[in-house]
Every structure is written in structure tokens, then in C-alpha cells.
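Please keep the sequence and the structure in view while reading.

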Amino acid sequence: MKFARFIMKNAALANVPRHIDHFSKFSPSPLSMKQFLDFGSVNACEKTSFRFLRQELPVRLANIMKEIRLLPPRLLSTPSAQLVHSW
């Protein structure tokens, strides 16, 4: 059982760069602070929140990772940038 989990985890990690490239092609949905606050008070539904986050988080994270890759080499060599990139 542990071996199966190990294989599945490594297979998922091998596809991360491909997923980052795929999701970074999309633009994140614009969301103002007013919309953000209204979303929590008016549409306080777990299903709605889950659907939004399921769609939005991969796009936003992929765009952040893509931007980190585009930093100048001198900045990429800093310990903090290396830490973020290792996640």
C-alpha cells in the first residue's frame, strides 16, 4: 500500500510543470474587495465557494509560479526565491 502511494505521489509530481504551463494560459477572474466581501456574506454556500476555489486556485498559483520563473537570475538565486521555488 505504501508503495502504491509512493508511485502515485511521484507520478503527480512529475506532471506539475505540465499543469503549471496549462493553467498559466488562463487569466484569473477579476475580483474586487467589495465582491470578495459580498461573496462571503451573501453567497455563504460551501458548494459555491468550493467551485470558485477549485477553478480559481490552480490558475492563480500557476500564474504566480510562471512569474517567479521569469525573475532575473540574480533575484532567483536569493534564498527566499529558492525556498518558494522548492515548494
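## The lining of the largest pocket

The lining residues of the largest pocket divide into 12 nonpolar, two polar and one charged, where Ala, Val, Leu, Ile, Met, Phe, Trp, Tyr, Cys and Pro count as nonpolar, Asp, Glu, Lys and Arg as charged, and the others, Gly among them, as polar. This is a predicted model, in which local features need pLDDT of at least 70 and side-chain atom pairs count only at pLDDT 80 or more, while totals for chains, interfaces and linings use all residues. Residues are numbered from 1 along each chain as its sequence is written, and side-chain values use heavy atoms, with hydrogens and water left out.

Of the 15 lining residues, V16, I20, L61, A62 and M65 lie nearest the centre of the largest pocket. Helix α4 gives the most to this lining, with seven residues.

N63 is found in helix α4, and N63 counts as buried because its relative accessible area is 17%, buried being under 20%, exposed over 50% and partly exposed in between (1.4 Å probe, protein chains only). A polar atom of the N63 side chain lies 2.9 Å from the backbone oxygen of V59.

Not counting residues up to four places away in sequence, N63 touches S24, F26 and P28, with contact meaning heavy atoms within 4.5 Å.

## F26, a partner of N63

F26 counts as partly exposed, at 40% relative accessibility. Leaving aside neighbours within four places in sequence, F26 is in contact with V59 and N63.

Note on methods. 1 Å grid on protein atoms, 1.4 Å probe; cavity = no way out; pocket = protein on both sides within 12 Å on 5 of 7 lines; lining within 4 Å. Helix = DSSP H or I, 4+ residues; strand = E, 2+ residues; numbered from the N terminus. Polar contact = N/O pair within 3.5 Å; in protein donor to acceptor, adjacent residues only side chain to side chain.
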